[in-house]
Amino acid sequence: MAGGKAKEIEKEIEKEARISEAEVAVHWGEEEYIEPPEEIKRQAYVTDPTFREKFKEENFPECFHIYADLLDWDRYWHTTLDTSNPPFWKWFVGGKLNACYNCVDRHLKKYGNKAAIIWVPEPEDEPKRVLTYYDLYYQVNVVASVLQSLGLKAGDTVTLYMPMVPELPITMLACARLGIIHSQVFSGFSGPACAERIIDAESKVLITIDGYWRNGKWIDHKKNADIAVNVAAERGHKVEKVLIWQRYRDRYNSESKPIEGRDFLMKDLLKEHRGKKVPYVPMPAEAPLFIMYTSGSTGKPKGCVHSIGGYLAYVAGTCKYIHDIHPEDIHWCMADIGWITGHSYIVYGPLALGATVLIYEGVPTYPDPDRPWRIAERYGVTILHTAPTAIRLLKKLGSDPSKYDYKFRILVTVGEPIEPEVWRWYYTAVGKKQAVVLDTWWQTETGGWLCAHLPGVEPMKLGSTGPGALGIYPVIYDENGNEIPPGSGKAGYICIKNPWPGRMLTIWKNPERMIKGYYEKFCKNKESKDWRDWPYIAGDAATCDKRGYFRILGRMDDIINVAGHRLGTKEIESAALTVEGVAEAAVVPKIDELKGHVPDLYISLKDGYEPSPEIAEKVKMAVRNIIGPIATPAHVYIVPDMPKTRSGKIMRRVLACISNGRKDFGDLTTLIDPSIVEKIWEIVHGEGLTF
């Protein structure tokens, strides 16, 4: 990224250069469009260039009937969109359905003997597991019977703390069958991070596993689960039961033994319920399906609550008409089910369409960077869905897809912008110029894609996530809420003008936080019940070209996007402040070739403490243990003081510039001590203390 162009963008977005606190991730001047291959044009669900017109604003909200009609309803809705309590929109009100039935039961007649899930373990000498839709139906019913026997019922919450094993989607679907709200915590998070989510979700039951393989190492996960339960207890919340799956059916493989009266091995419970069939519970469309926690700028993770009817309709619709998933496809999304991508585009979306999903236990680079292509060749993968971080890493490690005989039809990229150089490798080397690259943009809060082109009728554009998804009307505002017209070249806040079915219902136990975080800034009239007065603020910066294709530039707020994972700076800073001697902490994103960004952490010390490698290491370990390895700072810089305004605010944009080797600091006159900037620069880029 050219330094001059970055400066231009930052000045355009905000006079105070707030965007530089989050760092402009990418900005390319290319206007290169590539038409989809002819074979894709013929095979796609959408081959009519006018299909998008069905979702124009004048057809809103009824246009989303196209999505909702992909599902089976126990009772049809009477109100498509309830706008009586903005911005807490409700979709398909009056309707009843069940997510598990739509993902499993209804496929039995036509696809019962077809693979629903192909599970590939990380160790290559272990056999795969294939679950047909009949198998999935049987196992989901047995697990649902277990949950029911524990007294769990519709509206209860259960926390799952599981890795990429088939038992995770089985457990999710079993919860959905009974109307139980599940909250899956990413297995890479630490025990304390899991505890925080258990407490917030008010879960009395934790479902976990003894261990799993990742990057060639056995992870003793039960140890982490024990920490989560113990930390929750210390904070006044009791987990009454812990259900433990086993990675190997014939043995329990954890140093942490089950605790009598609290812990139960699932294999023992399943024996008592073998063959049981549990009727699914028809649920109101607006009832919660799951809670998905995402990092927040205040330090406390946000529990995004997604509905059953609206969410399931949206992910099914985007999977069919944009993702172009057909029942005969083998769809491999490399994301972890612990993130929203895994929920939407591994479990609920593809299974609602009767497709086959592949789930891989490990990392794509183990035991070597050609592992993804061996898997694709062996199992006939036709759709690959991954993050730019994985693509960059595979490319850098010399991965050679040309040695393998597979044929992708759709290549999806998600989680962060993808640079043209990496895009071209994805398209030419991985896709062999035979597949369409779908560069998508969305968030945990949105449930599904917000920007993406239609693969069979619209061109790809390097560096662009495409136009708004079907029924999504994006707009770019400047700092004062004025619309920036397409083609102007100016950047600003990308917002969505309208509600859509996949968006979260609310933030768990904190609805005001949703209003403040996503609607307050550009709300035109807080008394209005007209959805047009309540644009959704995504928090990202973007530009829009004359054709309506958007380019995402980076975060406007203080969320750091690391390898597609959103990390709250306040969470990281709070973890650093737990270390004795640390007085202040500030986190900024540093551009990284592989991960997009990594956290750089600046700390100042209390009187009586001297900078040392030991303190820096303690800070790193505190972040790692409290949040998880993904949040570990790339560097810890111990500085004499922070660049602070006279009001005491740390000017993180200055630190972001320093981390990324830029001296375009902007106006420093508001700093208490402008000379501190040069001192910090010397620490980072000179002979100072760097750890």
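Here are some friendly questions and answers about this predicted model.

Me: Is Pro535 buried or exposed?
Reply: Let's start with where this residue sits: Pro535 is in the loop between helix H17 (511–518) and strand E26 (536–544). Its relative accessible area is 1%. Buried means under 20%, so Pro535 is buried.

Me: Which residues is Pro535 in contact with, leaving aside its neighbours within four places in sequence?
Reply: Contact here means heavy atoms within 4.5 Å. With the neighbours within four places in sequence set aside, the residues in contact with Pro535 are Tyr477, Cys495, Ile496, Lys497, Tyr518, Tyr519 and Phe522.

Me: How many residues apart in sequence are the parts that Glu458 and Arg52 tie together?
Reply: The side chains of Glu458 and Arg52 meet in a salt bridge, at 2.8 Å from N to O. Glu458 lies in the loop between strand E21 (436–439) and strand E22 (460–461), while Arg52 lies in the loop between helix H3 (38–43) and helix H4 (65–68). The pair therefore ties together parts whose separation in sequence is 406 residues.

Me: Does Glu458 count as buried or exposed?
Reply: Glu458 has 14% relative accessibility. The cut-off for buried is under 20%, so Glu458 counts as buried.

Me: What do Glu57 and Lys497 form, and how many residues apart in sequence are the parts they tie together?
Reply: Glu57 and Lys497 form a salt bridge, with their closest N and O atoms 3.8 Å apart. Glu57 is in the loop between H3 and H4, and Lys497 is in the loop between strand E24 (492–496) and strand E25 (506–507). Glu57 is partly exposed at 33%, and Lys497 is partly exposed at 26%. The pair ties together parts of the chain, and their separation in sequence is 440 residues.

Me: Which residues are linked in a network of salt bridges?
Reply: Side chains of opposite charge can pair when their charged atoms come close. By the rule used here, the count of salt bridges comes to 36. The residues linked in a network of them are Glu124, Asp368, Arg371 and Arg374.

Me: What span should helix H10 have, at 1.5 Å a residue?
Reply: Helix H10 covers residues 221–234, which is 14 residues. The expected span is 1.5 Å times one less than the number of residues.

Me: What do the buried residues of H10 pack against?
Reply: The buried residues of H10 include His221, Ala225, Val229 and Ala232. The buried residues of H10 pack against helix H9 (191–201), strand E9 (205–209), strand E10 (211–214), strand E11 (217–220), strand E12 (241–245) and strand E13 (263–265).

Me: Are the rings of Phe186 and Phe189 stacked or edge-to-face?
Reply: The structure holds 43 aromatic pairs. The rings of Phe186 and Phe189 have centres 5.5 Å apart and planes at 80 degrees. Planes over 60 degrees apart count as edge-to-face, so this pair is edge-to-face.

Me: And are the rings of Tyr518 and Tyr536 stacked or edge-to-face?
Reply: The ring centres of Tyr518 and Tyr536 are 5.5 Å apart, and their planes are at 10 degrees. Tyr518 is in helix H17 and Tyr536 in strand E26, 18 residues apart. Planes under 30 degrees apart count as stacked, so the pair is stacked.

Conventions:
Residues numbered from 1 in each chain as written. Predicted model: local features only at pLDDT ≥ 70, side-chain atom pairs only at ≥ 80, totals over all residues. Heavy atoms only, no water. Helix = DSSP H or I, 4+ residues; strand = E, 2+ residues; numbered from the N terminus. Buried < 20%, exposed > 50% of the residue type's maximum accessible area, 1.4 Å probe, protein only. Salt bridge = Lys/Arg side-chain N within 4 Å of Asp/Glu carboxyl O. Phe/Tyr/Trp six-rings, centres within 6.5 Å; stacked < 30°, edge-to-face > 60°.
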